[in-house]
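The following questions and answers are meant for a first course in protein structure. Please look at the model before reading on.

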Protein chains: 4
Amino acid sequence: MPPFKTTYRISWVDTDAAQVVHFSNYFRVFERAEEEMYQQLGFTFNDIIRKYDFWFPRVEAFCKFKAPSKYGDVLEVSVVVAEIMDKAVKYGFEMVNKASGQLVAEGYVVVVIADKKLGKAVSLPKELIEKLSIYEES
Amino acid sequence: MPPFKTTYRISWVDTDAAQVVHFSNYFRVFERAEEEMYQQLGFTFNDIIRKYDFWFPRVEAFCKFKAPSKYGDVLEVSVVVAEIMDKAVKYGFEMVNKASGQLVAEGYVVVVIADKKLGKAVSLPKELIEKLSIYEES
Amino acid sequence: MPPFKTTYRISWVDTDAAQVVHFSNYFRVFERAEEEMYQQLGFTFNDIIRKYDFWFPRVEAFCKFKAPSKYGDVLEVSVVVAEIMDKAVKYGFEMVNKASGQLVAEGYVVVVIADKKLGKAVSLPKELIEKLSIYEES
Amino acid sequence: MPPFKTTYRISWVDTDAAQVVHFSNYFRVFERAEEEMYQQLGFTFNDIIRKYDFWFPRVEAFCKFKAPSKYGDVLEVSVVVAEIMDKAVKYGFEMVNKASGQLVAEGYVVVVIADKKLGKAVSLPKELIEKLSIYEES
């Protein structure tokens, strides 16, 4: 399956005094793409929270910053479901400068499915696994 | 009474591509000072939330940006209680570059006391009024 | 002329522990809309910076927060050119919850046109005035 | 050598709708600690930028999030110089909840020394190596 793709235009506030995007913001751009992927799959964090009283804390995040990006740059963000574990999902992501084709950042995030009331990680609901498997890396 | 004072050192992430602090961040620096003022007065947002189930949504925010500030600058932030209304408090703030003495920003924020369960503004508890009046402008 | 309009979907990172958008982020959402307006008018901050060596510091910002917004909410953001002064532009903005039609925030920002080398405000170039007047409030 | 240590109090704006610190903000808290370490070593980003026309882009960032932290929590942040390479430095960091002693986050960041004019990575100046070696892990 091809990865989920979306675009993000760098805003002034994303940059820092080096006149490039602050490294922490790539993680935020990735999360925004993850949110859009959920939405395209037909659910949102909110649905999950309401239905199951689950939420999605991150337990690990990694990123390699390959090239700077600047105010106004449009990034193409790809998200893949790299691994579905019993109680967690690993998402891989890649950001490419749409104009130049240059790889800007690549990384991953491991997200745990946590039951708010129990206060601990739980197994992914089947409907989630089915939906996420659409973007599973083969 | 003299205003509550604290200092804040500009971090790299506070700046933008103009190599100065992004205007939205002055509101965040002010809020941090407000939090420190509460703490010095012997309570925190958390105490209020726990005890009264209140929280403090902002209904108005204003700032004049008088001079840019840069990475590494140390700002002296002053907070005054400009007005205690029945269900709201108006805080005035001022930020001065500690090295140069230059006025960097001045503004105000109006904070409402809201009951989480009722979902509406309520009168300030007496103990809050007493504590806040320490920093009330005369 | 009708105002410039765009939409913005609230991301998880825009929210705070009150489970609503942090007030400082409305200023960022507005700025993003301003950037999109420039782009629709056929120029970007970058063009201006390159051509004239100008940039756009904010000297004043004001916002009334009328209703909270939450993760996943889609805001319709309207931008008007409220006043074109000799060396500054005042933009008015309004954000409405697209699903409910409720007014979320309204405010303004005063932006100065500054010459980077001279380090001071300068008169707006004519081509800028012409373009901005498209969204001038009548 | 013991690591460089500093503390950071979680501000309201650091949290998200899960009522805990947003994962991206741990990277910002780390960077703030890095800045304070430089300052204690007797230099700042600014000094380096001015003297050498160098800046410090990050090429890699990793973090494990071990426990949530909340508004008002005080974190003790430790920074070690994990590896000094020819043209890069790897910093390791750890954040511990000061009240509970619980490990909140641990990770690393790889920072490249880049010449602004050349637009590429360069060897670390000797004075930098000497200073950083104070916090080198043994």
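Two residues are in contact when heavy atoms lie within 4.5 Å. The model discussed here is predicted.

Q: What percentage of the contacts in chain A with a separation of 6 or more comes from residues 24 or more positions apart?
A: The contacts considered are those in chain A with a separation of 6 or more. Within that set, residues 24 or more positions apart account for 67%.

Q: Why does the radius of gyration of chain A agree with a compact globule?
A: A compact globule with 138 residues would have a radius near 14 Å. The C-alpha atoms fill a box of roughly 45 × 30 × 20 Å along the principal axes. The value for chain A agrees with the globule because it is 16 Å.

Q: What share of the residues of chain A counts as buried?
A: A residue is buried when its relative accessible area is under 20%. Among the 138 residues of chain A, this share is 58%.

Q: Which residues of chain D lose the most area to chain B?
A: The contact takes 18 residues from chain D and 18 residues from chain B. Together the two chains bury about 1700 Å². On the side of chain D, 33% of the buried area belongs together to D:Trp12, D:Arg32 and D:Tyr71.

Notes:
Residues are numbered from 1 along each chain as its sequence is written. Chains are lettered from A and ligands numbered from 1 in the order in which they are written. This is a predicted model: local features need pLDDT of at least 70, side-chain atom pairs count only at pLDDT 80 or more; totals for chains, interfaces and linings use all residues. Side-chain values use heavy atoms; hydrogens and water are left out. The radius of gyration is taken over C-alpha atoms; the globule rule is 2.2 Å times the number of residues to the power 0.38. Buried means under 20% relative accessible area, exposed over 50%, partly exposed in between (1.4 Å probe, protein chains only). Buried area is the accessible area (1.4 Å probe) that two parts lose on being put together, summed over both.
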